[in-house]
Amino acid sequence: MRVPGNGRGRGQRRRGGLPAPAGGRGRPDLRLGAGRRHDRPGTSLADRVVARHTVRTSIAEYTMILNGAGTLGRREIGEALRDAVAELRAIDLTYSPARPASLVSRLRRGEISADAYPPLADIVARCAAMRAATDGWFDAWAVPGGFDPGGLLGGWAVERAAARLRAAGVENYAVVCGADLTVRGHAPHGGPWRIAVHHPTDGHRPPMLLELTSGAIGTSGVAGRRDHVVDPHTGQPANRLVAATVIGPDLAVADGYATALFAAGRAGLDWFPTADGYRVLFAAAR
């Protein structure tokens, strides 16, 4: 299956395409899953300026951790953060289905066409590609009220904000949205980002520990609203799984796959693992 993605990050890989386990080498920088919290990264190297910022929009809450090295100082890091925050707020105002004046809301009402606005056309194209790649289990047109790209909009926003960070010269960062994240480069301690992925329901189970220098983790059901995912074939809330977690190069795509898997249940594993480096980490049944 071919699904559009903006990157082909490699990260640290082992056989089967998954990142290498972190083992016991230091505490996690980030946590996802049951009882999750974001640990503050460990001691920073002497030449690093580290910034952490959280912004909330009507779509979601985003946390950015920037690790500036060498020529990047506090002023440059601050400007990069402002650019990324401005992008997230602009996406909220322009594309949030919760805002009646947004382009998505206007598209739902038939007032505009997607082709009139290139970023909106990109969202619609991504949703169409995900519908094809998941045998219709991700279907942004099968939700109450009409077209709703919420299954991948948060991940798309994160990737757009991350692109603004890279454009500003930031090569090492983590951007977290709820139980989703994308990372690049190195954590402030100088090594890969250490991520603890907790089981979505069993808080006593040891987490899966990953090290990533490039990649994304998308989830559905871990932190979402109750009955927020609809079975596109019945129109009823999906209830086959309690959570689904997918790893891959692009967060919008990983988010879409996680949403589709959450709707399909265990039967969705028939079209996993997918092409382009996307893999299931968790598919927890009820």
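Modeller: Happy to. In α1, the buried residues are I77, G78, A80, L81, A84, V85, E87, L88, I91, D92 and Y95. Buried means a relative accessible area under 20%, exposed means over 50%, and partly exposed lies in between, with a 1.4 Å probe and protein chains only. Helices (H or I, at least four residues) and strands (E, at least two) are DSSP runs, numbered from the N terminus. An α-helix has 3.6 residues a turn, so residues three or four places apart point the same way.

Before going on, a word on the source: this is a predicted model, where local features need pLDDT of at least 70 and side-chain atom pairs count only at pLDDT 80 or more, while totals for chains, interfaces and linings use all residues. Residues are numbered from 1 along each chain as its sequence is written, and side-chain values use heavy atoms, with hydrogens and water left out.

The expected span is 1.5 Å times one less than the number of residues.

Y95, L120 and Y257 touch the most other members of the largest nonpolar core, which has 64 residues. Helix α5 (residues 251-264) gives the most to this core, with 11 residues. A second, separate core of 17 residues includes L32, L181, A187 and I195. A nonpolar core is a set of buried Ala, Val, Leu, Ile, Met, Phe, Trp, Tyr and Cys residues joined through side-chain atoms within 4.5 Å. L120 is in contact with Y95, and also with L103, V104, L107, I112, S113 and A114, leaving aside neighbours within four places in sequence. Contact means heavy atoms within 4.5 Å.

The 18 residues of α4 should span 26 Å at 1.5 Å a residue, and its end C-alpha atoms are 26 Å apart, which agrees. The buried residues of α4 include W156, V158, E159 and A162. After α4 comes G169, with a positive phi near 95°.

T182, in strand β5 (residues 180-184), touches V158, E159 and A162, among others, not counting residues up to four places away in sequence. T182 is buried, at a relative accessible area of 4%. A polar atom of its side chain lies 3.3 Å from the backbone oxygen of G215.

The loop between α3 (118-133) and α4 (150-167) holds D135. D135 counts as exposed, at 52% relative accessibility, and its phi is positive, near 55°, in a residue other than glycine.

Finally, step back to the whole protein. Its secondary structure comes to 5 helices and 10 strands, and 52% of its 286 residues are buried.

Key:
Polar contact = N/O pair within 3.5 Å; in protein donor to acceptor, adjacent residues only side chain to side chain.
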